[in-house]
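Subject: Structure handover

Hello,

Here is the structure I promised you. Please open it next to this email and follow along.

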Amino acid sequence: MGYGDFAMSNSVFGAKALQTEAAAYAWVEARIWPEGPICPHCGGFERISKMRGKSTRHGVYKCYQCRKQFTVKVGTAFEDSHVPMHLWLQAMFLLCSSKKGISSNQLHRTLGVTLKTAWFMSHRIREAMCTVGVEPMGGAGEVVEADETFFGRLEGQPKGKGGYAHKNTVLTLVERGGSARSFHVEGVRIADLAPVVRANVSRDSALMTDEGTWYAALGTEFARHETVHHAAKEYVRGEAHTNTAEGYFSVFKRGMIGVYQYCKEKHLHRYLAEFDFRYSNRAKLGVDDVSRTERALKGIVGKRLTYRTTHH
Ligand SMILES: [Zn+2]
């Protein structure tokens, strides 16, 4: 059971891992347990056998060290769900391969699950896509763009307050030729933006922003800081531009308006994680749809121990 089960089929949806429970479990197990099953109860891996028999559910193992049973779902975001594994993989594949996302309504119709289940599944997958790293973005010789956009409607704020006061503010950091991280922030005061930029961008990077005064002081902390003066209709001056971030916002907005249509403020960060994930794992960086799905699977597992250790 390998990568080929996805890649060698003419239609991805003909792939066994998306069609049958046995193949779906095998596909997930091969990625979560590359060296064989590990008991999530005691950490043991030596005396484990697969339960067989007609009445046995898929992927059940018994550990003879602690005498407990388990499946690969234990300890992952799939654990408390009764959705068949191959449908999880279908949902993950659809969310990972659709550039602007896929609505719960569409998932509900495509997968044949209830709308409520589809909503639950897509939010679980978005959480798995939350892979904001601890490593700083950029570095020596690298360029990071920081830009804000305004989106949707801030709850409890009357419209017509003027400017962007009634909208959500999103700050996005994009490494040119690399990844993106987006944040739902309070506003565009230096107190809202500076801590995020400081916590995520390497000081050795060149920082590109627009002329926002909030960036002037912050910029001095970086190897280089250049601004473009959008108000003066200046968009590009050599290397100084924020077009990469603008490109990110354009995909994000087309997806949010065209596909998702409505999103509660409290969920915005999850949608941002979804768009960040696809951007940071995009085809241009050599990540195809199947490997992107495999990367999302790693997020489903979270911080769970996935390799055998020898300290037992
Ligand atoms: Zn055990």
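Let me start with a question: is Arg-198 buried, exposed or partly exposed? Its relative accessible area is 37%, so Arg-198 is partly exposed. Keep in mind that this is a predicted model.

**Salt bridges**

A search of the whole structure finds 11 salt bridges. Here are some of them.

Arg-198 pairs with Glu-221, and their side chains meet at 2.8 Å, N to O. This pair links distant parts of the chain, 23 residues apart. Arg-198 sits in helix 7 (residues 190–200). Glu-221 lies in the loop between helix 8 (214–219) and strand 8 (224–228). Glu-221 has 29% relative accessibility, so it counts as partly exposed.

Next, look at Asp-192 and Arg-189. Their side chains also form a salt bridge, at 2.8 Å from N to O. Asp-192 counts as buried because its relative accessibility is 10%. Arg-189 counts as exposed, at 54%.

Then go to helix 10 (residues 268–280), where Arg-278 and Glu-274 are four residues apart, so about one helical turn separates them. They form a salt bridge, with the closest N and O atoms 2.7 Å apart. Arg-278 is buried at 7% relative accessibility. Glu-274 is buried too, with a relative accessible area of 0%. Shared partners join Arg-126, Glu-274 and Arg-278 into one network of salt bridges.

**The zinc site**

Which residues coordinate the zinc ion? They are Cys-39, Cys-42, Cys-63 and Cys-66, each through its SG atom. The distances run from 2.3 to 2.4 Å. Along the chain, the donors follow the spacing C-x2-C-x20-C-x2-C.

Why is the arrangement called tetrahedral? The four donor atoms subtend angles of 104 to 116° around the zinc ion. Four donors count as tetrahedral if all angles lie between 85 and 135 degrees.

Check the cover on two of these cysteines. Cys-63 is buried, with a relative accessible area of 0%. Cys-66 is partly exposed, at 25% relative accessibility.

**A hairpin**

Last, find strand 5 (residues 168–175) and strand 6 (residues 180–185). They pair in the antiparallel sense over six bridges. In one of these pairings, Thr-172 has Ser-182 in strand 6 as its bridge partner. The two strands form a hairpin with four residues between them. In the turn, Gly-177 has a positive phi of about 75°. Strand 6 is mostly covered: five of its six residues are buried.

Best wishes

Definitions and conventions. Residues are numbered from 1 along each chain as its sequence is written. This is a predicted model: local features need pLDDT of at least 70, side-chain atom pairs count only at pLDDT 80 or more; totals for chains, interfaces and linings use all residues. Side-chain values use heavy atoms; hydrogens and water are left out. Donors are N, O and S atoms within 2.8 Å of the metal (3.2 Å for Na, K and Ca); water is not among the atoms, so sites may look incomplete. Four donors count as tetrahedral if all angles lie between 85 and 135 degrees; four count as square planar and six as octahedral if opposite donors are over 155 degrees apart and all others between 65 and 115; anything else is irregular. Buried means under 20% relative accessible area, exposed over 50%, partly exposed in between (1.4 Å probe, protein chains only). Two strands pair if DSSP finds at least two bridges between them. A salt bridge is a side-chain nitrogen of Lys or Arg within 4 Å of a carboxyl oxygen of Asp or Glu.
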